[in-house]
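Work through the two exercises below with the sequence and the structure open beside you. Try each task before you read its solution.

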Amino acid sequence: MAPEVTIYIDGKEVKTTSDKMVLQAANDAGIYVPYLCYHPGMKPYGACRMCVVEVEGAPGTPASCTLPVRDGMRVSTGSQAVEGVRRTVTDLLLSEHPQGCLTCHRVDLCGPQDICLRHVAVNDRCIMCPKNERCELKDTTRYVQMEQHSPLTYQYRNLQIETRDPFYDRDYNLCIVCGRCVRACDELRGDVAIAFTERAGQALVGTSRGTSLLESGCEFCGACIDVCPVGALVERDYKWEKPVRHQRTICPHCPVGCQINYEVDRRERVIRAIPDLNAPVNLGQACYKGKFGFNFVNHKQRLAHPLVRRNGELQEATWDEALTMAAQGLAGHRGPSFAALLSPRATNEEAYLLQKFARTVMESNNVHVASSSPSSALLEGLGDVLGYQAGTNPIWDLEQAGCVLSISNNVTEEQNVVAVPVKRAVRKGTKLIVVDAREVELTRYAHLWLRPYPGTDLALVGGMLRAILDEGLADEAFLKDHAEGLEALRRSLAEFGLERVAAETGVPADQVREAARIFATSRPSAILCALDNVPAEQQRPCARALAELAAVTGNVGKPGAGIYPLVRGANEQGARDMGCDPHFLPGYQPVTDEAARRLAEGTWGRALPQEPGLPLDQLLEAARQGQVRVMLLVGDVAAHYDGAQEPLEAALQGLDFLVVQDAFLSPAARHAHVVFPAETFAEKEGTYTNVERRVQPLRRVFKAPHVPEVQPDWWTLCQIARHMGAPGFDFSSAAEVLGEAARVNPLYAGISYRRLVESAVPTCRPSTETPLPTQVEYSEAVYHGLMWPCPEASHQGTQRLHAEGAAAGQGPEPTLQNLAMGRIQEGAGGARVQGQPCLVPLDWAATPRSHDPQRPLLLAMGRVLQQPQRETEVVRGKGLNRIQREELLEMHPEDAAAASLREGQSVRVIASGHTMPATVRLAPGLPRGVVAMTRLFGGLAVQLAASEAADPMARVPRLDVVPAQVEPAGPPA
Amino acid sequence: MTTGEALRKRVRQTLRDQPYPTVTVLSSLLAVQDDMGYLTEEAIQEVARFTGTTINEVWSVASFYLNFRFTPPGDHTVEVCWGPACHLRGAQTLLHDILGQLGLSGEGETGDSHISLKLNTCLGACTQAPVISVDHGLMGRMDSERALKAIQGASHPRRRERRHSREVR
């Protein structure tokens with residue numbers, strides 16, 4: 001903590017710390033100083049000169065955003081001289097910005113300035129600006145009371161508006177070159193997809209040679225739009241709409257759980273998503289999914305009424321008819337022939353009710369959260385070693401890591417905001433090791449990129465463990481406490497000789513050793529893992545090995561260390577916490593454990609089935625075989641089970657009775673006998689649990705006016721149960737459901753909806769009358785949520801598992817301020833591991849090579865933001881820009897020789913039913929048997945932006961490794 | 001191999017051959033411009049890859065400095081000084097005549113890419129005003145006739161050897 005100093009702003013005594021700038025100190029004290037280029041979270045910049053002040057005893061009018069505080073300093077923010085300078089600054093700014101909305105002589109007569117068509121020049125008219133009436137520049141100009149007539153003349157820049165890139169428009173005619181967007185892209189995101197161009201009077205924001213964002217490296221996170229004070233950067237959807245209110249809730253697209261403020265317009269539509277600046281999860285950041293993927297809530301095709309199958313056709317019905325029919329259909333199939341699947345977007349409350357319904361009413365343990373990520377194996381593997389089936393540390397801890405090991409995941413696309421602290425850490429010197437055969441975005445920042453044969457992660461991690469133990473790099477304190485388990489582990493690692501590992505993975509032994517050394521010696525080290533492409537039977541051991549890697553090197557229970565299991569669904573963690581698992585009751589109490597069952601039976605008042613349910617793949621097989629006859633699907637299950645879409649549909653086809661609760665008539669719902677229209681995340685109350693174990697409240701943003709009859713899934717579940725005569729489903733709100741769940745689930749015992757909502761800490765800010773950046777305006781309070789385990793109502797939650805003292809509790813949370821100052825927080829680094837991890841021996845398992853004679857190679861498809869070394873052409877036609885370029889197929893020289901292919905040869909790649917033309921490039925770094933192609937993220941963005949699907953972001957194509965065949969391209973047919 | 005690929009090879013080689021202890025975006029851009037005379041799109045991309053930045057960052061630097069050019073220069077460079085001293089000694093007339101002779105309306109290349117005309121605010125020889133320079137060779141006390149002759153004399157068939165801009169002067 002920097003030393004405290006006292007300064008006087010306009011005579012008011014302000015206590016602050018010596019690392020602050022005057023503007024920050026004033027803002028913290030609730031004193032407003034107008035500003036345009038400053039934005040909380042970014043480094044002081046001093047470009048706009050709007051925040052000038054006078055300091056007693058010092059000459060001139062310095063910009064307060066770059067003026068460090070000094071003890072005893074006396075600052076005046078509103079003297080005549082200061083106001084004069086500010087007006088001149090405004091004049092200068094407006095000499096380069098349309099100003100009809102400020103200087104038109106009818107400005108006071110028109111009222112809301114959205115009708116003006118003729119009093120000023122065309123380019124100047126209020127309605128020509130998408131930010132009309134929500135413009136920070138305009139508010140600020142009015143605040144400083146600019147003269148109505150500027151002595152400077154304004155000339156329209158006459159630049160082409162960029163409207164052909166996905167998701168957002170750029171109109172640099174409106175740009176005031178405050179540089180917020182450039183700094184956001186650079187400082188906050190580490191992308192530099194936009195930059196300043198030219199200089200002096202010509203200076204503007206743009207891309208290299210004015211190219212499209214598709215090849216400039218844009219990840220379409222929207223951070224630049226969120227900070228833009230004028231209409232230069234705006235979302236294309238609902239571009240001209242004005243909000244009437246906004247509401248914070250949790251983004252439903254991935255397990256990061258970003259807090260987002262959704263704007264609602266007067267027609268009750270959700271029109272914009274603006275990430276919350278002070279949310280401890282995302283600190284003002286979002287991603288392409290969160291920022292641009294909410295429109296499905298307004299979609300016309302949303303289900304409005306319940307549907308029931310009559311004479312083989314789904315027809316509209318009343319709620320009562322549908323509920324009665326569902327209750328009757330389900331009642332005949334209690335026991336293991338019933339199965340329930342839950343969408344990972346469902347809330348904790350819905351997950352809790354669904355498993356309670358399945359277990360107490362339907363007497364079946366067949367209850368799952370549907371996901372194409374190997375979440376159960378991943379989390380169970382971590383649980384085997386670390387004791388908790390969850391990630392260990394908060395997301396922004398990653399910024400303090402000395403080393404990050406990112407293994408078999410695609411974090412930038414799937415859990416985007418987790419990649420942000422990683423990229424920022426790398427800039428400050430954190431070592432990044434990427435282990436992936438695919439070229440994913442993080443490889444660009446990697447100090448070491450290992451490309452193992454896909455799926456051989458277990459061998460590789462085992463090899464790293466072996467190298468660490470052999471070289472004595474393990475954590476001494478940990479070794480002493482775990483001598484017993486360690487011996488068994490050490491013995492099992494005898495199988496993992498580095499030469500053998502090298503042969504299995506295709507990664508040279510010295511690279512494995514180097515990775516092990518970096519990981520073990522750059523503490524604290526953190527692990528990001530998703531187990532993409534790891535064969536099913538190796539997933540759990542692999543997760544264990546990773547947990548052991550963290551434990552053995554002492555990287556548990558400390559800030560900057562730990563392990564982040566990157567599941568895919570927004571609330572997969574919470575659904576599993578709540579017992580949506582065939583083996584576990586809420587709180588990971590095994591269903592086979594009698595004491596655990598007794599406990600739940602005490603609350604639920606029903607005997608529970610003892611036999612665990614089937615794993616998901618076996619369950620679907622059983623449904624195809626006719627052993628599972630009845631299913632209940634809650635939420636958009638099919639969308640999140642895309643990896644195995646066909647088995648799911650095949651399983652649903654033959655069922656005796658299927659009930660679906662969904663917001664859309666999804667392919668799964670088309671097989672249903674009863675369909676209930678469901679609310680989307682934006683209409684629900686409830687809670688989500690994110691990848692950090694943070695339980696956060698969802699708040700109702702709006703009620704879609706075109707589907708007035710829809711109900712939240714928890715309500716529908718209760719109604720079905722009540723129609724079946726089951727007791728224990730008389731809830732009147734999601735909060736009540738959570739109340740009961742907290743009694744059953746010891747991890748959530750201290751968590752209540754009321755606590756989550758009411759524990760928000762208001763942020764100090766100047767009065768609501770002053771102009772503020774939208775993000776600042778919307779972040780009125782900080783919602784910390786609660787991180788489980790939270791055993792009692794007075795417990796503050798557990799930030800870091802297996803830690804003691806400050807590191808475990810609500811210690812130093814990352815805030816924007818100290819991130820912006822580049823200051824690494826001091827955590828309780830030396831905390832000893834408390835939860836006694838348990839080491840499990842590893843078994844060597846060889847990953848099967850592709851034996852398909854037709855498709856002998858594995859194609860590792862990669863996707864990156866930019867590839868400047870490659871020739872790329874952006875086709876600017878009608879509609880969106882497109883990327884066109886020659887695709888390169890990377891191939892091991894020996895594989896190429898075996899197939900008689902040479903560098904530069906044109907080939908056809910045949911994989912997953914597609915044929916792609918490509919040119920061979922020899923890549924000795926690849927393991928044998930693997931070919932790799934890398935595409936630009938821009939291509940995916942265009943595909944998503946142009947998609948006709950209601951909710952394209954729920955089905956973003958993933959980077960799977962697939963069997964492939966490569967053949968020389970014949971002469972053109 | 002495409003011409004783009006050949007160009008990239010040449011750029012990569014130039015980037016690798018930089019003799020300075022500190023290699024930056026700026027030094028890389030200068031090296032490429034010294035080699036090729038201007039910066040192509042491929043050059044921007046290769047510099048980005050070489051320095052581990054993005055094309056936008058490189059463009060930001062490249063477009064900031066007026067010294068960098070993005071179109072091929074003419075075979076010969078003619079600079080006309082229009083600083084105060086030269087202005088007083090008739091640089092305007094000189095410039096007018098040169099522009100007329102070259103068929104230009106301002107800075108730029110002649111249609112046959114033979115000559116690049118640049119304006120300069122001071123060539124550092126005010127006592128000799130008005131001054132022009134042809135291929136970095138200074139010529140003082142100019143009048144239109146001598147200037148046009150000098151420019152015509154520069155129409156040497158051999159392409160000028162490119163040197164580092166800092167060595168010129």
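Predicted model: local features only at pLDDT ≥ 70, side-chain atom pairs only at ≥ 80, totals over all residues.

Residues are numbered from 1 along each chain as its sequence is written, chains are lettered from A and ligands numbered from 1 in the order in which they are written, and side-chain values use heavy atoms, without hydrogens and water.

**Exercise 1.** Describe how chain A and chain B meet.

Step 1. Count the residues in contact (heavy atoms within 4.5 Å): 22 residues of chain A touch 24 residues of chain B.

Step 2. Take the buried area, the accessible area (1.4 Å probe) that two parts lose on being put together, summed over both; here this is about 1900 Å², with 47% of it on carbon and sulfur atoms. On the side of chain A, the residues that lose the most area are A:Arg199, A:Arg209 and A:Pro868, together 34% of what that side buries.

Step 3. Look for a salt bridge (a side-chain nitrogen of Lys or Arg within 4 Å of a carboxyl oxygen of Asp or Glu): the count is 1, and B:Arg8 meets A:Glu871 in a salt bridge at 3.3 Å, N to O.

**Exercise 2.** Which residues are in contact with A:Met891, leaving aside its neighbours within four places in sequence?

Step 1. List the partners: among them are A:Leu857, A:Arg921, A:Leu926 and A:Val966.
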